[in-house]
Amino acid sequence: MKSYFTAFKYDDKESAKLIQAGGYAYSFYEFLRKTEILADDSSVIFNAVGYTDRGISAMSVRPENLDVLKTCYLIYKHDSSPEEIVDARKEVLKKIKRSACHSFDRGKKFVDDILAMSADKINVVRHTERLEGFFNSVGIVPDELMQQLGLSETLNLRNAHAKLIEKALESAASYVFLTGNPGIGKTTAIAKFLTDHVNDGFLFFYVSPRKQVNLDIINNFKKPGTDDLCDDRILAINTYSDLIKDSGHKYTVQYLSNQQQGEFPLQVVNFQDSRQTKRQNRRSNRLKRQTENVIEDTGVTTKGVLNSICEAISTLIDTKHSNHIVATVSIHSLKKTDAGDTLKHFDKIFRNAYIKNENKVLSARMKDISIRIKHLFIMIDEITGDEGGVEFLNGINDILNKYELREKSAHGFNTKVIVADASIVDQAVISQHLSDTSAEPDKIYFRKAKNPGLPLSVEHFKFQGTDATVINTNSYPAKSLSITYKVFIESCKFSEDAVLDRETDLINKVQEEILEDIEALLKRSDVEQVIVYIQDKQRLGDLIDKIREHRGEFQIGTEYIEIHANIGDEEKDLIQKCKEDVKVVFMTASGSRGLSFPKAKHILVEIPRFEIEKNLMEVIQVIYRGRGKDEIDNQDKELIFYLGDRSVYFEDNKEISIQESKLSLLNILLILKASILTRIYGGGQIDQDKFIIIPIGGKSVLAAGETFSSQMKKLIDQLKSEHRKNRSDRRLPQVYKSLEDLLGQADFALRENVESTGKSQTSYLAQREFFNNQFSQLVSEGFENLLSLNNLELGYMSGGLLVVPIASKTLEETYMMPLVKIFNNANSELWHNMQVISHSSCYPESLQFAIQDAMELVKQLTKSVEKTQRFEQSSQRNDQYYALPLFAFIAGEVLSEYFASNPEEPKYQNFRDILAAYVRALYPVGNVLPIGDNYQNFPFIVFRSYSLEQMREKIFTDKYLLSSNELNVLNLILSKQVN
């Protein structure tokens with residue numbers, strides 16, 4: 001550690017500050033002990049934080065690891081010469097290189113080639129290795145393992161896994177965690193259990209991050225090859241926010257039943273037949289004209305998704321309409337409210353069996369229900385696929401406690417909370433990641449593997465103090481797996497043009513390589529299907545255009561299909577019809593789960609360089625998409641990974657910058673391979689040890705409720721996203737550009753609420769002029785002069801940003817729309833294009849619904865008198881903030897002059913987009929305002945983040961040894977002294 005930390009001891013970086021803070025902490029602790037202020041056996045947690053205007057590195061240490069702080073103390077106390085630091089860096093790099101070699105086949109050559117990449121050019125390194133000896137997903141489970149698991153017969157892995165699930169569903173355990181690899185049949189086994197026990201009655205409440213997956217789960221209850229449910233008694237329901245809006249914001253669900261057809265009301269709930277998809281068009285308007293030139297957002301009261309589905313379940317149970325209910329919703333439906341969260345609506349299901357003012361469960365009434373509905377299964381699928389998944393799980397746990405449903409056969413129910421996720425793998429991660437709901441950033445869990453991972457295992461433990469079972473599989477659907485890594489690195493000297501140029505030669509080089517590989521595979525007669533995974537929709541479109549250009553013809557539906565998160569009904573039908581016949585399947589991250597392509601033996605994956613942890617989770621999902629035919633799953637398969645990085649260096653630290661980029665690429669490759677091996681084998685090689693490496697997305701939740709302006713911003717982003725996918729569509733840019741122009745001129749004002757109490761505080765905005773004019777003068781005369789400043793409001797320093805909470809204030813937004821803008825934009829062309837988008841099945845349903853809010857605004861503008869129009873709205877949210885760059889307080893005049901010149905800012909590089917990207921990199925953030933980007937005096941953004949304060953507190957948690965963008969534990973492992 002000493003040599004590693006010394007290597008990072010140089011000017012003003014977070015790492016240097018962290019080492020300094022760690023040294024101070026150690027020194028102060030020694031002082032406290034020597035003076036006996038603190039006893040040796042005192043319980044202490046040390047938090048060392050290194051802060052710069054770029055970010056934060058933090059370390060949390062307990063007394064047993066005090067040597068870490070002592071090392072920081074010795075490094076900081078010793079004044080290392082520049083030569084020593086350079087030597088330390090070289091020594092660390094040498095150790096990392098030596099250790100990394102053990103992690104790859106023929107690793108020495110691969111690592112040497114990466115580290116030998118030269119400056120000022122694009123370097124490409126290609127390396128192939130083969131994985132063998134893993135368990136095949138369709139292989140027969142050895143007799144010895146079957147006996148250990150308490151299973152008889154001769155079964156393949158999939159069927160043995162299903163048997164273990166069946167046993168767990170009949171056991172006393174309240175929680176069942178299914179962590180097997182993708183495609184092993186987790187949800188299929190649950191559905192089979194329920195259909196086998198259909199006479200008992202059941203409520204299967206299923207949630208996942210994706211609406212399409214929620215709809216697909218209903219297919220598991222259908223007769224094969226038909227649209228009919230497998231039993232006439234089953235009733236399947238689902239709902240989503242657009243459906244509720246379209247039905248006038250009333251309680252609304254879609255249903256599927258063999259016994260019933262058409263729309264019908266039941267008590268206060270409207271049941272719409274999912275086979276009849278005609279729109280209701282009963283949505284309520286939310287805009288109101290206050291005067292002849294002022295339009296206001298009056299808001300709208302709506303029944304939420306969880307509210308609607310729970311009301312429907314309660315109604316079905318109370319009226320005895322059905323005792324066999326499948327109900328599905330999205331995890332996104334969980335939102336925070338002033339009164340808690342929307343999961344409170346789950347109470348409705350048992351409201352007739354509970355006396356609220358006495359907090360008493362009526363056991364007799366619960367038993368009346370359980371006689372008809374024995375199996376109460378609540379399943380959260382892909383829990384790590386959404387940042388609100390853990391919050392949902394813990395909300396369900398509270399409900400089980402409230403209704404005394406945690407014990408075996410409580411009130412006669414067989415209650416099971418089923419958590420399925422292929423990303424988790426390890427029981428320790430379940431306990432650490434899923435037990436605590438507090439917000440956390442993306443992370444990588446690691447620990448040494450205790451023993452070789454078994455292809456199938458079952459483990460019993462306590463979760464939330466209750467019996468729990470975890471069932472895991474480690475396998476891959478292939479005989480062997482060839483993995484090729486294609487690594488691209490470009491280094492170039494810093495210049496403003498180089499930084500702003502997003503369309504670099506590097507991107508083109510990676511594109512060319514992917515294109516060559518696709519075309520080579522298309523020429524091979526033994527290749528039936530190829531999966532290509534690229535996150536960037538626009539680049540994916542470019543790739544398709546190039547293939548078409550080279551081949552002369554490349555037709556969607558016959559030769560390829562595209563899969564994204566939001567696709568229209570036409571595209572969904574096309575995918576279902578053609579998915580086994582097309583040669584190439586293109587997909588993006590959000591479309592990577594829930595689908596399989598049995599003929600695909602070749603999967604090409606570009607590794608994104610942002611949100612690494614979350615994206616590696618998706619990559620692991622993608623590599624399992626080629627599965628489903630036993631014959632093909634017993635053949636050799638191939639993965640090709642593309643990873644590119646650009647290193648921008650300054651002349652005075654050229655070598656360091658380039659070495660850091662190489663090290664960063666090596667880190668990603670090591671984590672990529674180790675996390676894949678963890679999923680396939682149960683552990684991956686790093687240096688000479690086996691580790692479990694599990695990338696996991698963050699935890700956070702958003703608050704309920706959206707203003708009209710935030711809905712418009714979301715709509716504009718949706719239109720842009722759809723246009724990146726389909727650039728030949730001329731309607732989309734015409735609509736979003738018109739909306740941006742109409743809503744681009746806005747004033748934001750903060751008003752103190754009358755009911756606010758407490759000592760008066762001075763706003764940072766009010767002090768901006770003072771800081772710009774007098775700050776430097778005051779500081780030059782002595783820092784104590786700053787004490788004369790008034791009591792400033794609470795603000796957070798986040799790198800180069802000032803983030804200020806405005807929960808106690810009302811945000812007033814005024815959008816000015818001059819006549820000329822209305823004339824140029826709110827015209828018949830815009831109205832026609834909006835109408836087409838709102839009704840055409842080639843657009844995603846979510847976009848069809850969202851465009852209707854904009855249509856309401858345009859309708860108000862087109863029937864106005866000949867005057868400039870103002871749209872006004874006000875909002876007060878507990879999770880609302882504004883952020884502005886710190887230099888707005890010292891360079892105000894420069895900024896004012898800059899914006900007064902109406903600068904032509906590069907696409908995606910304007911101040912607004914940079915600030916939004918900066919804040920999103922720090923915190924989980926909802927919509928960001930303003931809509932326009934032409935600031936008057938200084939740049940700012942307004943945003944909502946329910947989890948921001950929790951995220952800041954995480955710097956001081958003792959759950960993580962290290963939180964840093966520079967230092968990482970992987971490099972510490974690699975740079976240890978080799979004996």
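Begin by selecting the open sheet of five strands ordered E10-E11-E34-E33-E30, in which the pairing is mixed. Here strands (E, at least two residues) and helices (H or I, at least four residues) are DSSP runs numbered from the N terminus, and two strands pair if DSSP finds at least two bridges between them. The model is predicted: local features require pLDDT of at least 70 and side-chain atom pairs count only at pLDDT 80 or more, while totals for chains, interfaces and linings use all residues. Residues are numbered from 1 along each chain as its sequence is written, and side-chain values use heavy atoms, with hydrogens and water left out.

Axes are lines fitted to C-alpha atoms, for helices over the stretch in contact, and angles run from 0 to 180 degrees between N-to-C directions.

E30 runs antiparallel to strand E33 (residues 809-817), and seven bridges join the two. Show Leu-750 here, with Leu-811 of E33 standing opposite.

Helix H22 (residues 708-725) lies across E10, strand E11 (294-297), E33 and strand E34 (869-875), and runs at about 110° to E34. Helix H27 (residues 845-862) also packs on the sheet and touches E10, E11, E33 and E34; contact means heavy atoms within 4.5 Å. The direction of H27 makes about 25° with that of E10.

Three bridges pair E31 with strand E32 (residues 801-805) in the antiparallel sense; display Ser-798 and its bridge partner in E32, Leu-801.

Turn to the nonpolar cores, each a set of buried Ala, Val, Leu, Ile, Met, Phe, Trp, Tyr and Cys residues joined through side-chain atoms within 4.5 Å. Buried means under 20% relative accessible area, exposed over 50%, and partly exposed in between (1.4 Å probe, protein chains only). The largest core has 67 residues; those with the most contacts inside it include Phe-177, Ile-309 and Leu-434. Helix H11 (residues 305-318) gives the most to this core, with eight residues. Centre on Leu-434: among the residues it touches are Phe-177, Ile-383, Val-419 and Phe-463, not counting residues up to four places away in sequence. Another core, of 62 residues, lies apart from the largest one and includes Leu-115, Phe-597, Leu-665 and Ile-686.

Select the cysteines next. The structure holds zero disulfides, a disulfide being a pair of cysteine sulfur atoms within 2.5 Å. For Cys-578, the nearest cysteine sulfur is that of Cys-842, 16 Å away. Cys-578 is buried at 6% relative accessibility, whereas Cys-842 is partly exposed at 30%.

Finish at Lys-17, in helix H2 (residues 14-34). Lys-17 is partly exposed, with a relative accessible area of 28%. Its C-alpha atom is separated by 9.6 Å from that of Ala-58, 41 residues apart along the chain.
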